[in-house]
Amino acid sequence: MRTMPWLFACFALAACGGSSPSPSPSATPTPSAPSSPSPAPSSSLSPTPSPATADDIDAARRIEADVRFLADDHLEGREAGTRGYDLAALYVATKLRELGVAPGGDEGSYYQAVPMIRGVRERKGARFSIERDGKHTALEFETDYLPSIHYTAGKASVTAPLVFVGQAVHAPELGHDDFAGVDLAGKIAVYFGNAPERFKADERAYFASSNVKLGEIAKRGAVGVVGLSDPRDEAKRPWEQGAKNWRRPGMRLLVDGQPVDDHPALVGRASLRAARTALLFEGARHDGAQVVERLKSGKLESFDLVGTATLASNATLDRVESRNVIGRWPGGDAALSSEHVVMTAHLDHVGTGAPINGDAIYNGALDNALGVAVMLEAVRRFAAAPPPQRSVLFIALTAEEKGLLGAEYFARNPTVARGSLVANVNMDMPILLAPQSDVVPVGVEHSTLQRVLERAAGELEVVLSPDPVPEEVIFVRSDQYPFVKQGVPAVYLNGGVVATDGSDAKATMKEFLKSHYHLPSDDATRPIDYPTAARLARLNHRIGEIIANDPERPRWNDGDFFGEKFGKPAVDAPR
C-alpha cells in the first residue's frame, strides 16, 4: 500500500514530482465529513464468526504458504523491475495455470508488459540554496531536503524567486483558490500537501493529489516546486525514516518514449523537512511558525517570499519493463461473458533499503503478499464452482508502490475491450493480526456495489464496518483509483477493526503502521491470523460472483463526486 501524503517516503517522490499522491494512516488530521455516508456496521449480524470448517482450515494453510513464499528473503522485497518481482510474477502465473485459469495478458500469455522509466537520485549535482540580501544559505542533502527526480531530463537546475501558494489547491467550485492574487510565472511554488480539511472527504481526496496540484502549478508558468512537510505528520513518521532510503528508485510510465505525468516545465523540485520550513519564510508577511499555525487552523493565504532559491537535481535514468500478471475465467453466458469483473491485488513491494537491525530486505508480507494470497484463494473458489455469467479477470499488479503504475497502465490499456470492465474489487494490505469479525469496504458508498457487499457479507456473517479514518481518503490511494478514473465503479477491501479475541484491533493496526509498515519487519513472522484471511477470501470470491451474475452492471450513485467526474459511458464495445 502507498504511504499517506504526510509520510515522507512517498512525499519526496510524489509531492515534488516522483510518484503520484502519497498514502499510511500514521497521522490523523481533523476529520472532515464524507461526501456520502459510509456503510454502518451491521448490528443484525453476530460479532463472532462461525466456527472454521475443514475447508477454511485448508484455505488458511494455502494462504499462509503463498504468503511465506512471496515474502521470502529470496524475492528481495519484490520491487518492480527486479528479479525478485519477476520470480513472484512467475509464481502467481504458475498458480493461475495450475488452477486452469486462462491467460489474460499480451498475445495469449499471463503477462502484460508495463513500460517504465526508472530514476535513481544522485547526491552529486544536487543543490538547494537560498539567496537573500546577498547571503547564501545552503541546505544539506538528505538531512534537510531531498530533490525529486526529473524523469524527462535527469539532470536539472533553476534559480528563481519563491512564492508560497498554501496547499496549491484550485477549487473555485468549492470557493477555494490558493493561486488567486499571486504570479507564478518564472517562479518556484512552495506549498503544503493534502487539501483543506473543510472539504468533504471525496473532494479532499481529489484535490490532495500531487499530480493535480503539479498540473495547476505548471499551467501557471512556474519553473519549480518545493513541498513542505507538516510537523504533525513528521511527529508520526520522522523525516529520517524515509530520507535514509533516498537511493530507492522512482518510476514513471512511458508512453511513446516519454514519461507520463512528469511535468517537465517544473525544472527544480524538492521536498523540505519541517524543521527547515522557517528558513523559507524569513522576512516574509508571515514567518514559518505563523504559517504552520494557519495550516492547522485552515486559514492559509498565498504570498511572495523574500529572496531566490536554486534547486538542482541529478538522477540516473534507464528504461525498465515490469509485468502485470493476468488470468481470465470465462463467463458462461453467451451475451454477458464478453463483460469482465476485475479482481486485483498488487504484487510488488519496495525492495531492499537501509538496514534496520541488520535487515535490509523489505519483505512486504502484509503489504501485499497477503492481499495476493487472499486473491489466489478466491481464484481457487471460482475454479471449483460453475462459471458465472460474466467473465472474471484476476490481476496481480506491478509498481503500485511507484504510484499505482501497473493499475494505471492496465486501466488505460486493458487486454480486453475497455467498455467490458464492469467493476473492480481490489485487495491491498489487509492488516489481519487478530481474529476479526468485520471488513472495511473502502469506497463502497459511491456506487451500487454497496448492495453487493451487504448481500455477500450477510450471507457469510461478516460485519461491514465504516471506514474508521475517512479523512485519510484511502479510496484514491490504492489500485482501484486508476479504474475509478476510467469510470469503473470500484471497492477496496481492507482488514477489519473489530477483533474477536478481546484485543484492540485499531491499536494493533496503528502499531503495525508505526513500527512495521514499509519496513523490513513486515515479514512472515508477523502474527497473521490466517483463518480470518480465509474468511476474507470467501467474501472476496462471493462479491465477485454476485457482480458476475447480476443482470445489471454496477453503476455510480446519482450525484456521486467520482461518478460525476469520471463516470462517462464506455467508448468501445466489448469484444
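Glu282 is partly exposed, with a relative accessibility of 42%. In this predicted model, its side chain meets that of Arg132 in a salt bridge, 3.2 Å from N to O. The two come from distant parts of the chain, 150 residues apart: Arg132 is in strand S3, while Glu282 is in the loop between helix H8 and helix H9. Arg132, at 12% relative accessibility, counts as buried.

Average pLDDT for the chain is 90, and 90% of the residues score at least 70. Watch residues 4-47, though: pLDDT there is below 50, even though the stretch has 160 contacts beyond near neighbours in sequence. Residues 570-575 also stay under 50, with 15 contacts beyond four places in sequence.

## Helix H12 and what it packs on

H12 covers residues 449-460, and its length checks out: 12 residues at 1.5 Å a residue should span 16 Å, and the end C-alpha atoms sit 17 Å apart, which agrees. Its buried residues are Leu449, Val452, Leu453, Ala456 and Ala457. Looking down the axis of H12, you'd find them within an arc of 120°, so they line one face of the helix. Those residues pack against several elements, including strand S19, strand S22 and helix H15.

H12 also has a charged link to H15. Glu459 and Arg542 form a salt bridge at 2.6 Å, N to O; Glu459 lies in H12 and Arg542 in H15, so the pair ties together parts 83 residues apart in sequence. Glu459 is partly exposed at 41%, whereas Arg542 is buried at 18%. Just past the helix, Glu461 takes a positive phi of about 55°.

## The nonpolar cores

The largest nonpolar core has 70 residues, and Leu347 and Leu370 touch the most other members. Helix H10 (residues 365-383) gives the largest share, with 11 residues. Leaving out residues up to four places away in sequence, Leu347 touches Leu70, Tyr85, Val92, Val325 and Leu397, among others. Another core, of 33 residues, lies apart from this one; Phe164, Ala270, Leu280 and Leu311 are among its members.

## Other salt bridges

The count comes to 30 salt bridges. One of them joins Arg61 and Asp58 at 3.7 Å, N to O. Both are in helix H2, three residues apart, or about one turn. An α-helix has 3.6 residues a turn, so residues three or four places apart point the same way. Arg61 is exposed at 58%, and Asp58 is partly exposed at 35%.

There's a network too: salt bridges link Arg62, Asp66, Lys95, Glu377 and Arg380.

Notes. Residues are numbered from 1 along each chain as its sequence is written. This is a predicted model: local features need pLDDT of at least 70, side-chain atom pairs count only at pLDDT 80 or more; totals for chains, interfaces and linings use all residues. Side-chain values use heavy atoms; hydrogens and water are left out. pLDDT is the predictor's confidence in each residue, from 0 to 100. Contact means heavy atoms within 4.5 Å. Helices (H or I, at least four residues) and strands (E, at least two) are DSSP runs, numbered from the N terminus. The expected span of a helix is 1.5 Å times one less than its number of residues. Buried means under 20% relative accessible area, exposed over 50%, partly exposed in between (1.4 Å probe, protein chains only). The arc is that of the directions from the helix axis to the C-beta atoms. A nonpolar core is a set of buried Ala, Val, Leu, Ile, Met, Phe, Trp, Tyr and Cys residues joined through side-chain atoms within 4.5 Å. A salt bridge is a side-chain nitrogen of Lys or Arg within 4 Å of a carboxyl oxygen of Asp or Glu.
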